[in-house]
Amino acid sequence: MANKKPKILEDRAARILYLDIENSRMVLEFETYSLYENIRIHPRHIKHDWYITCAAWGWLDNTKKKVTEYGSVSVADFKTAYKKNFRDDRGVVKALHKIMSQADLIVGHNSDSFDIKKINYKFIKYGLEPLDLCPTVDTLKSAKKYFKSSSNSLYNLAKEFDVPMKIELPPGTMHKADNGCEKSLKKLVAYNKGDITAGASLYFKMLPYIKNHPNLNKILGEKQSPKKITKCGSCGSRRIKKDGNIYTNNARYERYPCLTCGSSTRGKKISNK
Ligand SMILES: [Zn+2]
C-alpha cells in the first residue's frame, strides 16, 4: 500500500532571482526629402536592432530581506565577440539562460512585460531551449494592482517607500555604452547592479501587500499537510502562527500570518461561503 504520509520533496529555501536587463536603443536609418515629412518607421529602416548590453541579478533571501549574492554580465565580458561586434549579445543571453534556469521564482520591475519577453525573444533567436519558466513576481504589476502612486517607476516607488535609491547615471552614458564605449558600459553595469539593490528592497517592502504572491511551498513541491502549514508561502520562514481567516469569492480559509515578512499564507478550507 502506498505511503499516505505527506512527502516533503525538497526541504530547502526557494531560489529567488531578482533580474534586470539593460537594452540598447535601435539605430534607424532612412532617407527623406524633408524634416516635415511624416515618416512611418518600418523594419527596413532598422540599421542596428536593439541588443542586451548588460544584465544584473541578485539571489534573494526573503526571510532576511537581503540580496545574498550579486551577479552581472555584459557584452564586453566576451572579449573576442565584443571586439568583432560590440552588439553581439549571444554570450549575455547564454549566461542569462543558465542563471534563469536555476530559479524557482523570478522577480523584477516590469519584468513580465519587458525583461522576460526581451530575453525570451533572444532565446528563440539564438536557438536556445525554451525555459520551463518558473512563476514570476512583477513589482510594477503589483504596484498597479495594490497601490495608487503618482508614478510606478522604480525610481519613484523607491523614493516614496524610502528604500535604497538607484545610483545616478551621468547623462549620455547609456548612449555611449550602446555605441560600443567600454568605459561607459562599465558605468552602466554598476547602474544596473544598483537597480538590483533598489528593486529587491522595494520587493521586500511590498511583499506583505502582494496577495497573489506565488506560494513558495507549492513551488518547491512541499506537500504540506493542509491541516498544518509550517512555512510562510511568501518568504519560507517558519515563524508563522494561525490567526484569522482568508476569504475568497467562494470559501473561507485559515490564515497563517508570518512574523518575519508580514505576509499571510492560506491554510485549510473552513467553509464554503
Ligand atoms: Zn513570510
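**Exercise 1.** Over which residues does pLDDT stay under 50, and how many contacts beyond four places in sequence does the model have for them?

*Solution.* This is a predicted model, in which local features need pLDDT of at least 70, side-chain atom pairs count only at pLDDT 80 or more, and totals for chains, interfaces and linings use all residues. Residues are numbered from 1 along each chain as its sequence is written. Start from pLDDT, the predictor's confidence in each residue, from 0 to 100. The chain has a mean pLDDT of 90, and 93% of its residues reach 70 or more. The stretch asked for is residues 1-8, where pLDDT stays under 50. Next, take two residues as in contact if their C-beta atoms, placed from the backbone, lie within 7 Å. For residues 1-8 the model has five contacts beyond four places in sequence.

**Exercise 2.** State how the chain is divided into domains and describe the contact between them.

*Solution.* An automatic or database domain assignment supplies the bounds: domain 1 is 16-30 + 41-209 and domain 2 is 227-272. Their C-alpha centres lie 33 Å apart. Four residues of domain 1 and eight residues of domain 2 take part in the contact.

**Exercise 3.** Identify the members of the largest nonpolar core that touch the most other members, and trace the elements that contribute.

*Solution.* A nonpolar core is a set of buried Ala, Val, Leu, Ile, Met, Phe, Trp, Tyr and Cys residues joined through C-beta atoms within 7 Å. A residue is buried if 20 or more other C-beta atoms lie within 10 Å of its own, exposed if 12 or fewer, and partly exposed in between. The largest core holds 56 residues, and Leu 17, Tyr 18, Ala 55 and Val 92 touch the most other members. Elements are DSSP runs numbered from the N terminus: helices (H or I, at least four residues) and strands (E, at least two). Those giving two or more residues to this core include β1 (16-23), β4 (52-61) and α7 (182-206). The most comes from α7, with ten residues. Domain 1 and domain 2 each supply at least three residues to this core. Beyond four places in sequence, the contacts of Tyr 18 include Trp 57, Val 67, Ile 196 and Tyr 203.

**Exercise 4.** Where are Lys 65 and Asn 110 found, and what is the phi of each?

*Solution.* Most residues other than glycine have a negative phi. Lys 65, in the loop between β4 and β5, has a positive phi near 50°. Lys 65 is partly exposed, with 16 other C-beta atoms within 10 Å. Asn 110, in the loop between β6 and α3, has a positive phi of about 70°. Asn 110 also counts as partly exposed, with 18 C-beta neighbours inside 10 Å.
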